[in-house]
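Q: I want to learn how to read a fold from its coordinates. Where do we begin?

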Amino acid sequence: MHTVETVLLVLMLGALTGIAARYLRAIPLPLIQIALGALLSWPQGGLHIAFDPELFLLLFIPPLLFADGWRIPKREFFALWQPILRLALGLVLFTVLGLGWLIHWMIPEMPLTVAFALAAVVSPTDAVAVSAITRGLGMPAKTMHLLEGESLLNDASGLVALKFAVAATLTGLFSWTGVASEFLWIALGGLGAGALLGWGFARARAAVTRRVGDVAATQMVLLLVLLPFAAYIVGERIGVSGILAAVAAGITTNFADLERSEFVSERIQTEGTWAMIESAFNGAIFLLLGLQLPSIVQTIGEASHHGAWALAGYVAAISCALLLLRWIWLSLAVQGSLLKAHLAGKMAVRPSWRLTLATTLAGIRGAVTLAGALSVPLMLDERAPFPARDLLVFLAAGTILFTLVVGSIGLPLVLRRLPLPAEPPEAREERQARLAACRAAMAGLAPDPAEHEGADPRWLAQYREAAGRLTQDYRKRIDLLDDGDAPSAPATPEAQADTPEAVHQRRLRYVMELELRLKCTRIERDTLYAERHMHRINDESLRSLVAELDLAEVSLRKRLKVARQAAGLPPGG
């Protein structure tokens, strides 16, 4: 099948399976997509796609990791940096060493360096798979942030470990000093390159939009979509982690967005664009994974002397050992940091064995594991094939499926029994931010004596009437702790004599009230951004609250434009 037709088919199937998952709620969407991909490619005449790991990593992984880095709440990410690094670095090393020795002991014909390569392939969790499985299951927010932070950073450590295991297999040489220095260069270089590109893009965007305003929103969104690919390519070209470069570019861009509160159109388009990209690319990743499974199974069946039950036993043993090592590391190296975070108020749920079990089961493997396994070279040298490569790829794919199934079944059962606080801290923070925004808007309605000095008395009376109605609206929202809807519609003017002058005055009052509502909406948004700068709310809360105000402002702008035309006033004056 032609490449273009294949891409279009995969995207279409991703959308259709997303719709089907709404009806099959008991089955996680990734499993539906993997199963459909396997069914499409299983027959001899089915859909077969040559999987290029480098092309796959370039096309699908950077935008998804960029989006995760862009969306992840930075306050929680930096507050939990110690347990995140212990998982992203320490757990990967612990897994590679422990699981590598176990695999070599269990499968003696697999050389130790190849066993380490397999352990390195399955050591990093997958950000896409973790978010796809845990979304909507009620995972405590801070634990979810911990998992997201881990999966954003551990790809680099896992791929570096894979690189050195493959190099040791090819050359027979290994150096701990070389591994440490190479890892520091790849990780820190990737983070630095991505941050520099994100900062450069932010400065250039600010310079352009200072001149042209929000009219270039569509072009800016397109450049933002291309940014993760640029970060990944630059990172790989200079020999550092392109994956971490994409993550760092997303985090840097998010920080720059905190200074762009007035660009409503750009923000709305950005949210819609990334939602579509994440949905399409998530679906494509799991469908492509499913499309590879039949050929992987067929290859190992032809090349291996192991029976089907023995292969299934290897997959189960490796996967269970992987989860056991994760449980041990969480219990010994991370639980203390989580308890400190809970006592400091950074985690609402006190760490318990159930929370540790949920975090263990959430260690799901995904597309990065498959891409890493398929990137292992075919040949050891010009004459000898790479030892046990087919078995390595099969066991990696089996581990992905095992962790997906176990996570999909086990997580809902564990999370249902996990005690949750009556009200998450984020909900209280959002309510306090709403109240602060309402109070700031009310303060902005107070007439400025210096500004209104010498104003027409009739205009001043109309202003006070409109400001009074809006103040009443805000007081009601404060008293009732409203959930953030836009201010209620203007009160219908009392019936008056339908003279041309009366109609004109009513239109002027309506224009004034809409202008005041627009002013209050902007004051509310600026207050929310100030709350975020003071770390009283996180990025998720800010994004949710600002989205409401952006939609309200778009509506008010359209109504104001029509009202000004009806009153005979110029569009913008």
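A: Begin with helices and strands: these are DSSP runs, numbered from the N terminus, with helices (H or I) of at least four residues and strands (E) of at least two. Here, Ser131 sits in helix H8 (residues 127-134). The model is predicted: local features need pLDDT of at least 70, side-chain atom pairs count only at pLDDT 80 or more, and totals for chains, interfaces and linings use all residues. Residues are numbered from 1 along each chain as its sequence is written, and side-chain values use heavy atoms, leaving out hydrogens and water.

Q: How many helices and strands are in the protein?
A: The protein has 22 helices and zero strands.

Q: Is Ser131 buried or exposed?
A: Buried means under 20% relative accessible area, exposed over 50%, partly exposed in between (1.4 Å probe, protein chains only). Ser131 counts as buried because its relative accessibility is 13%. Across the protein, 51% of the 573 residues are buried.

Q: What is a nonpolar core?
A: In soluble globular proteins, nonpolar side chains tend to be buried together. A core is a set of buried Ala, Val, Leu, Ile, Met, Phe, Trp, Tyr and Cys residues joined through side-chain atoms within 4.5 Å. The largest one here has 62 residues; Leu99, Met110, Leu118 and Leu395 touch the most other members. Helix H17 (residues 389-416) gives the largest share, twelve residues. A second, separate core holds 57 residues, including Ile84 and Phe164.

Q: Which residues is Leu395 in contact with?
A: Contact means heavy atoms within 4.5 Å. Beyond neighbours within four places in sequence, Leu395 contacts Ile107, Met110, Leu118, Leu311, Tyr314, Val315 and Ile318.
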